[in-house]
Amino acid sequence: MVQNMTTSGFTTTGQHMMTIVNEPEPSAWWEHFPHEADMGIRGIGITKSQAFEQAALALTAVITDPEEVASQVESHFSCEAPDDELLLVDWLNALIYEMACGHMVFGWFDVKINDHHLEAVARGEPVDRKKHEPAVEIKGATYTELSVRHMEGRGWVAQCVVDV
Amino acid sequence: MRVPGIIYADKSLIRDMDLKVYEQVVNVATLPGIVQASFAMPDAHWGYGFPIGGVAAFDPKQGGVVSAGGVGFDISCGVRALYTGLRPDDIAPVKEKLADILFSRVPAGVGSTGRLHLNPQEMDDMLAGGAQWAVQRGYGTAKDLSRIEEHGCMAGAIPACVSDHAKKRQKDEMGTLGSGNHYLEIQEVVETYHDPLAEQLGIQAGDILVSIHCGSRGLGHQIGTEYLKKMVVAASQYGITLPDRELACAPIDSHLGQEYLGAMRAAMNCALANREIITHLVRQAFSEIFPQADLPLLYDVSHNTCKVEEHRIGGQSRRLFVHRKGATRAFGPGHSAIPPDLQPLGQPVLIGGTMGTASYLLVGTKEGMGLAYGSACHGAGRSMSRHQATRQWKGHRVIQELAAQGILIRSPSVRGVAEEAPGAYKDVTAVVDAAEHAHLARKMAKMRPLICIKG
């Protein structure tokens with residue numbers, strides 16, 4: 001499980017790969033990567049589950065600072081998909097749906113993945129426009145730049161672009 | 001590639017286009033049953049499967065497909081414009097007050113909810129009836145309907161093809177603007193072109209218009225999400241190899257293809273109803289300051305759609321499923337889908353700009369019918385990611401700078417304003433000029449914003 005991390009600073013890793021990262025964090029962190037019209041989100045962790053947790057934090061950070069989200073309400077999620085990548089999209093879309101219908105934001109996630117089955121708990125609170133100053137609502141997680149992969153020496157990376 | 005890729009743009013726009021646009025134009029050209037070409041409009045930019053600004057038509061008789069990715073998440077997102085009969089001198093003394101009333105009347109931004117909450121039967125009625133349903137419920141007027149594509153109601157909508165999840169996501173969102181690039185603007189016509197035509201359209205310099213840009217809200221987003229996955233998973237069963245999963249599609253004549261069309265058309269009706277309800281709220285707001293103002297509808301166009309249209313290809317009329325993703329239908333003069341009073345002019349095309357620059361009113365051309373199925377651009381298109389924008393601009397500063405230019409911004413999100421800073425977009429004038437030079441559409445009027453309500 002993961003608590004939200006400090007958001008600060010910018011890292012430029014290439015002309016088209018300017019990222020906002022939360023630093024420093026050696027084992028698990030999230031980033032945003034640019035998309036011309038929308039937003040790329042990326043979670044990195046030692047395990048696939050951690051990467052999915054971090055991707056969820058990156059999702060929240062599109063809307064508001066995850067650090068400003070209190071853990072008042074708990075929601076449970078269960079997803080199953082034919083492969084890891086579709087599972088990531090399903091997981092993020094389940095969060096987007098819950099945020100939209102419940103008028104919620106989440107800042108804490110605990111993900112467990114077994115094969116292509118995900119069980120997760122998210123904690124958060126109802127959107128407070130003054131407190132959270134939400135920047136934008138997310139329409140959906142997309143298959144653009146979608147990837148879930150293990151990188152030698154870096155752990156798991158889970159990423160995609162979200163449509164805002 | 002089954003057909004060529006054709007991009008309409010000038011040298012400068014082409015030079016600045018993301019390389020992903022070319023890749024996506026090429027990918028669309030590989031889809032089964034595509035006819036003539038894979039097109040991109042002058043505002044094309046990196047989208048999902050299709051480029052935003054992409055146009056492609058498919059023939060069901062040749063195994064053609066319908067693509068959830070080719071319509072996108074914000075189904076039937078579009079722009080409508082209202083006449084006000086007012087002039088800048090009318091607005092100037094009450095500008096702040098009008099901005100505040102509009103901001104309080106029209107729900108905008110994350111977490112905002114509408115005042116209308118539909119029960120399951122009402123939801124299905126809305127999905128089947130679109131703006132016609134809204135008018136029956138007392139939102140908007142019957143006169144509006146002739147100025148909305150499909151007379152305000154997309155035929156063939158099947159509410160039963162829309163999941164309970166999608167309906168639940170929409171339950172609090174009727175009559176809401178949304179966020180991101182969606183807006184409600186009060187605009188001043190600053191220039192007209194081809195004047196006899198602009199006058200026939202009832203437009204002259206100094207006119208005040210209202211412009212509304214939004215779509216099918218959570219319902220459309222959920223339908224897009226669900227059918228995209230269904231089509232990805234089913235692609236192999238239809239023998240479709242997807243060069244990009246975002247191009248997820250199904251044969252038009254398949255069960256899944258027909259299901260998606262039923263749901264997508266329901267989402268189109270949701271968008272039409274939503275803009276009609278917002279129009280009603282805008283009229284209420286205006287009536288508080290201008291009791292005599294009428295605000296008739298100029299036109300309503302959608303720019304994320306798949307529609308069945310007859311087009312002449314090689315001298316023969318063919319029934320095609322035309323996808324426009326971030327592209328506006330722009331039928332030329334005389335087309336039967338245009339209201340009779342507008343037929344001599346061509347279909348109005350509304351191009352949304354940024355909150356600091358300009359929007360445009362164009363009309364479709366006869367030549368455009370043969371160029372890209374009667375289609376034109378839809379907006380400026382971003383030139384910079386949202387992150388780059390937030391690094392470059394602060395929302396408060398953007399609001400101050402625009403206020404100094406006489407443009408009032410009202411938004412619940414300062415960061416949202418920074419992400420939507422005018423400088424983060426391409427030059428909308430260059431986009432519109434390119435569309436005109438390519439004969440896709442003709443410029444009628446240029447509008448500058450006076451008040452912008454951003455989500």
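## Contacts of B:E226

Beyond its neighbours within four places in sequence, B:E226 touches B:S163, B:H165 and B:A166 (contact: heavy atoms within 4.5 Å). The model is predicted, with local features requiring pLDDT of at least 70, side-chain atom pairs counted only at pLDDT 80 or more, and totals for chains, interfaces and linings using all residues; side-chain values use heavy atoms, without hydrogens and water. Residues are numbered from 1 along each chain as its sequence is written, while chains are lettered from A and ligands numbered from 1 in the order in which they are written.

B:E226 is buried but forms no salt bridge, and B:K230, the nearest side chain of opposite charge, lies 5.6 Å away. Buried denotes under 20% relative accessible area (1.4 Å probe, protein chains only); a salt bridge places a side-chain nitrogen of Lys or Arg within 4 Å of a carboxyl oxygen of Asp or Glu. For charge, Lys and Arg are positive, Asp and Glu negative, and His and the chain ends are not counted.

## Helix α10

B:E226 belongs to helix α10 of chain B, which covers residues 217-234. From first C-alpha to last, its 18 residues reach 26 Å, close to the 26 Å expected at 1.5 Å a residue (1.5 Å times one less than the number of residues). Of these 18 residues, 15 are buried.

## Chain B

Chain B contains 16 helices and 17 strands (DSSP runs: H or I, at least four residues; E, at least two). Buried residues form 67% of its 455 residues. The C-alpha trace of chain B spans about 65 × 50 × 50 Å along its principal axes.

Note on methods
Buried means under 20% relative accessible area, exposed over 50%, partly exposed in between (1.4 Å probe, protein chains only).
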